[in-house]
Structures are given as structure tokens and as C-alpha cells.
Amino acid sequence: MKRVLIISPYFPPSNAADMQRVRTSLPYFKQYGWEADVVCVDERRSNMVQDELLLQSVHPGQVIYKVNALPIKWTSKIGFGSLGFRSFWFYLRKVNTLLRKNKYDLIYFSTTQFPVCALGAYWKNKFGIPYVIDMQDPWYSDYYRSKPKLERPPKFKTVYSLHKKLEAMAMKKVDGLISVSTSYIDELKTRHIALKDVPSATITFGAFEQDSKIADDNKGNFNSLLLKGFTNIVYVGRGGPDMHTAVTPVFEALKRGLTDQPELFGRLKFYFIGTSYAPEGTGTPTILPLAIQFGVESMVIEITDRISYYHTLLTLQQADALFIPGSSDPRYTASKIYSYLLTQKPLLAIFNKNSNTVKTLSECTQNATILTFDNEAPHLANAVYQTLMKWANGIFVPVSLSENFEEYSAKNLTRKQTELFNEAIKHLETKNPND
């Protein structure tokens with residue numbers, strides 16, 4: 001049995017999207033010949049919404065090591081509030097100790113807290129252990145360079161430059177890449193010649209049916225966020241200006257509906273929940289201002305505060321229909337896509353035509369309304385209008401899951417991860433044939 005040391009700064013009970021792959025893969029690693037230990041940051045330092053129910057999905061015997069992190073109130077003042085920067089030194093010390101004491105065949109970074117990934121090169125040089133990086137988002141990207149200053153993240157220039165250097169360090173020595181998007185890997189291989197022969201695989205997040213049962217078993221713990229007397233259409237996930245291309249045709253259709261048939265379309269209520277990563281009560285709405293521009297704000301509720309993972313699942317189950325908007329950036333992949341599909345609720349999804357999510361939705365579902373756009377999406381308003389007309393009239397066609405859905409199960413996608421692990425080990429052996 002091989003052993004992998006997983007670096008995942010966020011881990012239950014912290015409710016972060018980037019730990020979901022690790023959490024839903026852990027039950028299956030042993031079936032494919034791997035034992036997994038996890039090193040995460042103490043949840044008291046994570047500055048993330050906590051969901052104690054997430055712990056119900058983690059086996060009690062799972063080996064978990066926790067590290068400290070600098071207080072965010074100190075580091076955020078100089079533009080380094082991310083958990084990756086705050087925990088960097090503590091990861092260095094803890095993992096050094098673990099690698100001296102235990103035998104591991106591989107180190108696996110599965111996180112969007114990318115600074116810690118740069119430690120892979122150090123540990124490989126010091127201990128000779130190969131490492132794999134899971135690229136769930138771009139590490140550093142030119143995406144915001146052409147954006148107005150108001151749309152850029154804080155301290156963009158400084159952080160951009162540092163991330164660029166850290167990415168180069170990590171990619172120079174990495175033995176394998178996993179990503180939710182093929183384009184992420186393609187971009188990395190274009191930037192870094194050292195990646196030319198490095199094994200890679202595009203693996204999405206997996207469907208984990210156990211979560212639906214946990215949500216249902218604990219539904220009494222959550223207050224409903226949905227108003228009675230309306231047809232409630234729900235999206236739970238981040239907002240942002242890059243979502244406006246997908247959301248605009250919905251608001252155009254609502255505006256038309258209010259003009260043509262105000263009583264009928266007045267029954268619809270759209271919810272955008274958990275749209276900001278800011279601390280509770282401090283988030284800035286990014287969807288409601290767009291609704292105001294179209295004069296449909298009475299039909300839209302935006303809740304910037306993030307809700308717990310199982311509150312999310314329960315809210316999706318309580319909805320009459322679901323909406324998933326995609327980013328104007330085609331590399332974006334919706335992390336909760338399978339949570340939506342497992343509800344089998346009527347679904348409207350609008351994504352960039354080059355997003356991997358379009359392929360997933362098309363292969364896994366029947367009866368979902370899947371619309372795509374290039375750079376703009378004004379032509380979609382009529383198709384959206386027809387869907388909303390049906391929902392306003394109480395005509396709901398549930399999504400059905402195709403036979404292909406099993407290919408996207410957490411179990412099957414864990415198998416694909418372990419196949420990449422084995423390739424990464426061979427990659428190191430090939431480069432060091434005498435070791």
C-alpha cells in the first residue's frame with residue numbers, strides 16, 4: 001500500500017470549495033492502493049464559515065495533522081491575508097517533521113491556497129519525494145490585468161508578481177498535474193517548458209451522494225431562506241462581475257416578463273446566495289446592482305453571506321428550480337455542479353461555450369436547459385424567457401441523470417487521481433534512474 005501526504009489548508013469543518021475534492025476522495029483511496037494522511041490548517045485560523053456536519057463525512061480514523069497560521073488581522077494589512085501565505089511557515093516546519101518520521105511515496109497539493117504549493121520543490125529536493133499539484137483555479141492569471149482597477153483584487157500588482165515567481169518555483173520540479181480544466185494545464189505547459197513531459201489529467205470534482213443524506217437527516221437544524229408563495233429559483237455560489245454575462249439574459253427575460261405578463265412573472269423569485277467571500281456582514285452585492293439596472297430588483301434576492309455546505313444542499317432541495325450561471329472566463333468550473341444535479345430539480349444553466357461544465361452537463365443530464373455564450377449573451381434572453389414562462393405557469397420538468405453520471409462519481413474520479421499518482425512516481429523514477 002502506497003502512502004500519500006495531502007496538503008489541504010482548508011478541511012472540515014471549514015466550509016471551503018477547494019477542500020471538497022479531498023474530502024470526497026478520502027473514503028476511496030484505499031480501494032485503489034493508497035493510504036492518505038491530511039495536513040490542514042487549524043479551523044480556528046481559517047477565517048471560513050464552519051460546518052460541523054462536514055465532519056460526519058470524514059471517517060473517524062482518518063489521520064489528520066493540523067498546523068497554525070498567522071492571524072489575518074496582521075497579514076491582511078500588507079495584502080497577504082490568504083491562508084496560503086499565513087500558514088506557509090507552519091507547513092514548512094510540520095511537514096519537515098512528518099517526512100523525517102514517516103515514509104510517504106507522494107505529496108499531493110489539493111488547494112487554491114497556492115503559496116504552500118511552492119514548498120513541494122523544497123521537500124522534493126530535501127527528501128526526494130515526488131509531488132502532484134491539483135490546479136482548481138489558475139495560480140496566477142492575466143485575467144485581471146485588463147480589468148478596471150475596481151474589479152481587481154486588493155494589492156493586485158504585488159500579489160500578482162509574487163504568485164508568478166512562486167508558480168515558477170513549483171512547476172520547475174512538479175511530477176504531476178491535476179486540474180478541473182484542461183485550459184489550466186495547457187496554459188501552464190505553455191508558460192513552463194519543464195512541464196513538457198510531466199503527466200497530467202483533467203479531473204472534475206466528483207458527485208458524493210452521502211452528502212444529500214447528511215443534509216436531509218439534519219434539515220431541522222437550518223432555517224429556510226426561501227419565501228413562501230413564490231416560485232423560488234436558487235443559485236448558491238460566488239458572484240462577481242464575471243458572472244454578469246450569464247446573469248444578464250435572465251434579467252432581460254424577467255424585465256420582458258414583467259412588462260408583458262406582470263402577474264404571471266411576479267410569481268418568480270430568484271435567489272443568489274453566498275455571493276461574497278468577505279467576512280459575514282461585510283460583503284458587497286454584485287448581482288443585485290445588475291438587477292436594479294434592469295428594474296427587476298423586486299424579483300431578486302442577493303445574500304452575500306456564505307452559508308454552510310449542508311445548508312446549501314438543503315436550500316437546493318427546497319427550491320422549485322435551480323439556476324447556475326457561469327463565468328465569462330471559460331476556465332471557470334462550478335464546484336457544486338453535482339450537488340445541483342443530485343437534487344434532480346429543473347435546471348437552467350448558462351455558461352461560456354468553452355467551459356468544461358457544458359460537457360459535463362450535456363453528458364450527465366436530460367431535460368436540463370443548457371445555454372452557452374461566446375463573449376456576450378443577448379441572444380439567450382428569448383430562450384430564457386421560454387423557460388421562465390414554463391416555471392411561472394408551474395410546469396416543472398425534473399432533470400434526469402444519464403448512465404454517464406457514474407463516470408463523475410467521487411469514487412471513479414478518485415481512481416483517476418490515483419492513476420495520476422502512479423504516473424507521477426514513474427516520472428520521478430525515469431528522471432532519476434539510478435536512485
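1. Two strands are taken to pair if DSSP finds at least two bridges between them. Helices (H or I, at least four residues) and strands (E, at least two) are DSSP runs, numbered from the N terminus. By that rule, strand 4 (residues 106-110) and strand 5 (residues 131-135) run parallel and are joined by four bridges. Y108 stands opposite V132 in strand 5.

2. The basis of the values is as follows. The model is predicted, and local features need pLDDT of at least 70, side-chain atom pairs count only at pLDDT 80 or more, and totals for chains, interfaces and linings use all residues. Residues are numbered from 1 along each chain as its sequence is written, and side-chain values use heavy atoms, with hydrogens and water left out.

3. Seven of the eight residues of strand 2 (residues 34-41) are buried, so strand 2 is largely enclosed by the rest of the structure. Buried means under 20% relative accessible area, exposed over 50%, and partly exposed in between (1.4 Å probe, protein chains only).

4. Y104 sits in the loop between helix 4 (88-101) and strand 4. Its relative accessibility is 5%, and Y104 counts as buried. Contact means heavy atoms within 4.5 Å; leaving aside neighbours within four places in sequence, the contacts of Y104 include R3, V4, L5, D37 and Y65. The C-alpha atoms of Y104 and A36 are separated by 9.3 Å, with the two residues 68 apart along the chain.

5. L177 lies in strand 6 (residues 176-179) and is buried, with a relative accessible area of 0%. Beyond its neighbours within four places in sequence, L177 touches residues including V132, I133, M135, L188, V198 and L420. A201 is also in contact with L177; their C-alpha atoms are 6.5 Å apart, at a separation of 24 residues along the chain.

6. Another open sheet has six strands in the order 10-9-8-11-12-14, and its pairing is parallel. Strand 10 (300-303) and strand 14 (369-373) stand at its edges, each with a single partner strand, so one side of each is left without a neighbour. The twist averages 20° from one strand to the next. Strand 9 (residues 268-273) pairs with strand 10 in the parallel sense over four bridges, and I273 stands opposite I303 in strand 10.

7. Helix 12 lies across strand 8 (231-236), strand 9 and strand 11 (321-325), at about 150° to strand 8. Helix 14 (residues 356-364) touches strand 12 (347-352) and strand 14, and its direction makes about 145° with that of strand 12.

8. Eight of the 10 residues of helix 12 are buried, so helix 12 is largely enclosed by the rest of the structure. Among them are Y309, Y310, H311 and T312. The buried residues pack against helix 1 (20-25), helix 8, strand 8, strand 9, strand 11 and helix 13 (337-343).

9. Helix 8 (residues 210-217) packs on helix 12 (residues 309-318) at about 85°, with the axes 9 Å apart. The two helices are therefore roughly perpendicular; that term covers 65 to 115 degrees, while angles under 35 count as roughly parallel, over 145 as roughly antiparallel and the rest as oblique. D211, S212, I214, A215 and D216 of helix 8 meet Y309, Y310, L313, L314 and Q317 of helix 12.

10. A nonpolar core is a set of buried Ala, Val, Leu, Ile, Met, Phe, Trp, Tyr and Cys residues joined through side-chain atoms within 4.5 Å. The largest has 62 residues, and F251, L254, F323, I350 and L388 have the most contacts inside it. A second, separate core of 50 residues includes A69, L188, V198 and Y310.

Terms used. Axes fitted to C-alpha atoms, helices over the stretch in contact; angles between N-to-C directions.
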